[in-house]
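These are my notebook entries on a single structure. I record what I looked up, in the order in which I looked.

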Amino acid sequence: MNASRDIRIQGIPDTVPEPTAAVCRSRLLTAVNKLIDETGLDNIRITVGDASSFSSFWENINLPGRGDSNQKNRDPELSPEERAKRYEAQQPIFTFKQLVIPEEVEEDLLLAVDLIRLEFKVFDEWGLRKIEPFPRTALNFHGKPGTGKTLAAHAIASKINRPILVASYAQIESMYHGEGPKNVEAIFLAAERDNALLFIDEADSLLSKRLTNVTQGSEQAINSMRSQLLICLEQFRGVVIFSTNLVENYDKAFETRVRNINFPMPDETCRREIWKRHLVEELPIAEDVSIEKLAQIEDVCGRDIKNAIIDASMRAARQDKEEIGISEFLDSVDRIKKARINVTSEPMQLTPKEKEEVAEKVKAAIAKKEQETTS
Ligand SMILES: Nc1ncnc2c1ncn2[C@@H]1O[C@H](COP(=O)(O)OP(=O)(O)O)[C@@H](O)[C@H]1O
Ligand SMILES: [Mg+2]
């Protein structure tokens, strides 16, 4: 009967680029977890697969744009130190001066900075590591895209005078079996080598709940990366910051090790400040441009504002205009809002009654399938 409980979810087409694919996987995982929770089906085997589940496929086809797709990069025998050479820290490019966030969030960030700075003194010199071997200096910045998470990670690195090593989930994940966990180990080694703050971007899939009922395929690979991540987090004496957009279902193990800091969409006061700071001095702005009016436009993040300013400027320059008027800025904001793929919109919540109905339907469908295969 087991076979009939094998559900294969054909996941994300190969044409979907990372990190969109990573976001999709994270959502799929969450949905599947919910399905398991809500149906109470414990004897179910689910494989969420994308093309990378079929290794023979990957071995023959070399798609551009996927991290490790180049056969040259494949080297399972590489020592962790050799592998770590692929990652290199850089000097931070932003400071707290550039970051516009509500005061409470800034306080949270500064507190985190203090914890980082004082960790050695309190936990090593003052011996508190005897009672708390793993103080929580790992942070998770979560919030919608373009709200300043990357900027803030650079700002913290500047503040503590360290380089920053930026790695994204897409870079760490490897389609080659067993290489994902090795890449996780390698980035931690590289961060230690460069005494750098480690920033892991797009970490949704890494921090979300581990699937308990997985068969072979890409989800098993993600599970082993998560286990490796936990090991590295415990051993690492440095600062790790994760960045996530929409983790709905944190793995318990990470919940206790990582401090969450939420990056909200900017309110009007923050938007005014972000517009001001991005409308640089040299920009020829027409007299009709009112920052007050621009700040009133809702549902835009810092990145939208930055992109709108660049877009409006480029358009004005192409039309040989000497200045950029308010209508150009307004048009650009409009265009950007329309073009935005809203991956972060809240998922539709089911009412308890609807949930029950869904659970019933799933159970009925599985029972039917089971009958079909036995008859
Ligand atoms: N809170 C903010 N304060 C100031 N600028 C911001 C803010 N959020 C976004 N920006 C602008 O948008 C750009 C992209 O933001 P980023 O930090 O990459 O967002 P995230 O990492 O959250 O997706 C920044 O470099 C900056 O120009
Ligand atoms: Mg970012």
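**Entry: the model as a whole**

I note that this is a predicted model. I read a mean pLDDT of 81 for the protein chain, with 73% of its residues at 70 or more. Over residues 51-72 the pLDDT stays under 50, and there the model has 27 contacts beyond four places in sequence. I found 15 helices and 7 strands in the protein chain. Of its 375 residues, 35% are buried. I also looked at contacts between residues at least 6 apart in sequence: 82% of them join residues at least 24 apart.

**Entry: G325**

I returned to G325 to see its surroundings. I counted it as partly exposed because it has 16 C-beta neighbours inside 10 Å. Leaving out residues up to four places away in sequence, G325 touches A286, D288 and V289.

**Entry: the largest nonpolar core**

Which residues of the largest nonpolar core touch the most other members? Among its 68 residues, I found these to be I164, L165, I187, L197, L198, F199 and I241. Domain 2 (75-263) and domain 3 (268-339) both contribute residues to this core, so I place it between them. In soluble globular proteins, nonpolar side chains tend to be buried together.

I then followed L165 in detail. Not counting residues up to four places away in sequence, L165 touches Y87, A89, I187, A190, A191, D194, A196, L198 and F199.

**Entry: the shell around ligand 1**

I listed 17 residues around ligand 1, of which G148, K149, T150, L151 and G302 come nearest. How many residues of this shell are nonpolar, polar and charged? I counted 7 nonpolar, 7 polar and 3 charged. Helix 5 (149-159) and helix 13 (302-318) each supply at least two residues of the shell. By domain, the shell draws at least three residues from each of domain 2 (75-263) and domain 3 (268-339).

**Entry: helix 5 and its flanks**

I next asked how far helix 5 is covered, and found 10 of its 11 residues buried. The buried residues are K149, T150, L151, A152, A153, H154, A155, I156, A157 and S158. I traced what they pack against: helix 4 (103-125), strand 3, strand 4 (164-168), strand 5 (197-201), strand 6 (240-244) and strand 7 (258-263).

P145 sits in the loop between strand 3 (138-143) and helix 5. Is P145 buried or exposed? I recorded it as buried, because 21 other C-beta atoms lie within 10 Å. P145 and M265 are 120 residues apart in sequence, yet their C-alpha atoms are 9.2 Å apart in space.

Just after helix 5, N161 takes a positive phi of about 60 degrees, although it is not a glycine. I counted N161 as exposed because it has 10 C-beta neighbours inside 10 Å.

I looked up I291 and found it in helix 12 (residues 291-295). I291 is partly exposed, because 14 other C-beta atoms lie within 10 Å. Leaving aside neighbours within four places in sequence, I found I291 in contact with R272, W275 and K276. For R272 I noted the separation: I291 is 19 residues from it in sequence and 6.5 Å from it in space, C-alpha to C-alpha.

D299 is in the loop between helix 12 and helix 13. I read its phi as near 60 degrees, a positive value in a residue other than glycine. I recorded D299 as exposed, because 10 other C-beta atoms lie within 10 Å.

Methods:
Residues are numbered from 1 along each chain as its sequence is written. Chains are lettered from A and ligands numbered from 1 in the order in which they are written. This is a predicted model: local features need pLDDT of at least 70, side-chain atom pairs count only at pLDDT 80 or more; totals for chains, interfaces and linings use all residues. A nonpolar core is a set of buried Ala, Val, Leu, Ile, Met, Phe, Trp, Tyr and Cys residues joined through C-beta atoms within 7 Å. A residue is buried if 20 or more other C-beta atoms lie within 10 Å of its own, exposed if 12 or fewer, and partly exposed in between; C-beta atoms are placed from the backbone. Domain bounds come from an automatic or database domain assignment. Two residues are in contact if their C-beta atoms, placed from the backbone, lie within 7 Å. A residue is near a molecule or strand if its C-beta atom, placed from the backbone, lies within 6 Å of it. Helices (H or I, at least four residues) and strands (E, at least two) are DSSP runs, numbered from the N terminus. Ala, Val, Leu, Ile, Met, Phe, Trp, Tyr, Cys and Pro count as nonpolar, Asp, Glu, Lys and Arg as charged, and the others, Gly among them, as polar. pLDDT is the predictor's confidence in each residue, from 0 to 100.
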